[in-house]
Amino acid sequence: MRTRPLKVALLGCGVVGSEVARIMTTHAADLAARIGAPIELAGVAVRRPSKVREGIPAELVTTDATALVKRGDIDVVVEVIGGIEPARSLITTAFEHGASVVSANKALLAQDGAALHAAAGEHGRDLYYEAAVAGAIPLIRPLRESLAGDKVNRVLGIVNGTTNFILDKMDTTGAGYQEALDEATALGYAEADPTADVEGFDAAAKAAILAGIAFHTRVRLDDVYREGMTEVTAADFASAKNMGCTIKLLAICERAADGASVTARVHPAMIPLTHPLASVRGAYNAVFVESDAAGQLMFYGPGAGGAPTASAVLGDLVAVCRNRLNGATGPGESAYAALTVSPMGDVVTRYHISLDVADKPGVLAQVATVFAEHGVSIDTVRQKGKDGEASLVVVTHRASDASLSGTVEALRKLDTVRGVASIMRVEGE
Ligand SMILES: NC(=O)c1ccc[n+]([C@@H]2O[C@H](COP(=O)([O-])OP(=O)(O)OC[C@H]3O[C@@H](n4cnc5c(N)ncnc54)[C@H](OP(=O)(O)O)[C@@H]3O)[C@@H](O)[C@H]2O)c1
């Protein structure tokens, strides 16, 4: 074993970074044996240097992250600051000064992954980011390496623990959205400002990263259709139950049937209770992958938290250190397929639509005609009348999102349709 240590600069020492430092220290001997050389924490960049940080020698702490990555003797930079800047500049500077990078930063990777991969390649360095998607769950490496010989057709995932916790609460207790969110906040599952989670921004960043890797195609954050879950109601869960389904916020990356294009989207959807993703409870994450040869695979586990996320970071750190000792680099960006990323209108799926309508003869026929005119075929219809008003629940066969949008627009113009109470896609069948 080499005795000269590999030097690691830790950028950020918060929820994830503090656990990375702890595991680096407590597992030092095992990590050294697995890598073939010891690793040394050479510096820790933070914003508030006076904060007490257990197990971190005060002399290692700095507020000058740029100077740390520019030192020239750093082998690996671990970026766990988060956000776009200064993380992006620090990573680029790290490559320029000879270091490889491990990051947990989904927002940055989704936005600037291509440029960062290019910078890593230009300097012959590694960029690894297993922790950026679904925390501890091995997903990036299985897609990038284990499935490199297969053809992935679909990735369907619960990749945000906060929203899964909220939806699971609504499902199991009958709570409304706000009540479930309040509980998630009180228990520390939701941040004070939950927008990034509940509006699907976090999941969309992960969908962009997953789609890019799965389909060997650059998928930008803007390419990902995004719908949050704040409008999901207890009534939606009741409807889902009637259909033998539950509701999950899903990230869905799909290859079109003709194989020439892909789509990526995040939205709440009904999935059958028999689907493995339906049984993912609480704040857990799970990703279901469908490929030509392997068939169906499911990856499941804690998608966040300091120690679980640090586990993924440490795995990357070991891999990058091994590459470094071998004078090699791991896989970089693979975007050779360059498939077209199609808009949401091209997505084909089933829909569950609840309409408030006038309770009088002919309404059902009128509504059915609108569906037919837009080429959307109806699977089932349920009607419930009360005091001159009625609710109509229509479940369609597979249709394009564009056809469905056209249908809904036309339905809204009917005098007899008082309102469109909810539209929910039905997935995983
Ligand atoms: N938390 C999770 O469960 C989880 C899961 C998966 C991925 N991630 C990703 O991991 C990354 C870190 O998340 P986290 O939850 O650990 O965040 P965090 O607890 O807020 O920690 C951020 C750390 O970065 C430091 N920092 C902030 N701005 C800085 C700057 N300009 N220069 C130097 N240091 C700076 C902070 O310093 P102070 O300590 O002085 O404030 C803090 O130590 C993010 O990209 C996040 O998306 C987190």
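Student: How many bridges join strand S7 (residues 152–158) to S11?

Tutor: Strands (E, at least two residues) and helices (H or I, at least four) are DSSP runs numbered from the N terminus, and two strands pair if DSSP finds at least two bridges between them. S7 and S11 run antiparallel, and Val-152 has Ser-291 in S11 as its bridge partner. The number of bridges joining S7 to S11 is six.

Student: What kind of model is this, and which pLDDT do side-chain atom pairs need?

Tutor: Residues are numbered from 1 along each chain as its sequence is written, and side-chain values use heavy atoms, with hydrogens and water left out. The model is predicted, with totals for chains, interfaces and linings using all residues, whereas local features need pLDDT of at least 70 and side-chain atom pairs count only at pLDDT 80 or more.

Student: Which residue in S12 is the bridge partner of Val-287?

Tutor: S11 also pairs with strand S12 (residues 295–302), in the antiparallel sense and over eight bridges, and the two form a hairpin with three residues between them. Within this pairing, the partner of Val-287 in S12 is Phe-299.

Student: How many of the eight residues of strand S11 (residues 284–291) are buried?

Tutor: A residue is buried under 20% relative accessible area, exposed over 50% and partly exposed in between, with a 1.4 Å probe and protein chains only. S11 is largely enclosed by the rest of the structure, because the number of its eight residues that are buried is six.

Student: Which residue stands opposite Leu-392 in S16?

Tutor: Strand S16 (residues 389–396) is mostly covered, with six of its eight residues buried. Strand S14 (residues 348–358) runs antiparallel to S16 and is joined to it by seven bridges, with Ala-358 opposite Glu-389. Strand S15 (residues 378–386) pairs with S16 in the antiparallel sense over eight bridges, and opposite Leu-392 stands Gln-383.

Student: What is the phi of Asp-387, in the turn between S15 and S16?

Tutor: S15 and S16 form a hairpin with two residues between them. Asp-387 lies in that turn, and its phi is positive, at about 45°.

Student: How are H2 and H12 oriented to each other?

Tutor: The axes of helix H2 (residues 28–35) and helix H12 (residues 306–325) come within 9 Å and cross at roughly 40°, where axes are lines fitted to C-alpha atoms over the stretch in contact and angles run from 0 to 180 degrees between N-to-C directions. Angles under 35 degrees count as roughly parallel, over 145 as roughly antiparallel, 65 to 115 as roughly perpendicular and the rest as oblique. H2 and H12 are therefore oblique.

Student: Where is the cis peptide bond that has an omega of about 10°?

Tutor: Most residues other than glycine have a negative phi, and most peptide bonds are trans. The loop between strand S4 (76–79) and helix H4 (87–96) contains Pro-86. The cis bond joins Pro-86 to Glu-85.

Student: Is Ala-338 buried or exposed?

Tutor: Ala-134, in the loop between strand S6 (127–128) and helix H6 (140–146), has a positive phi near 60° and is buried at a relative accessible area of 1%. Ala-338, in the loop between H12 and strand S13 (340–341), has a positive phi near 45°. At 56% relative accessibility, Ala-338 counts as exposed.
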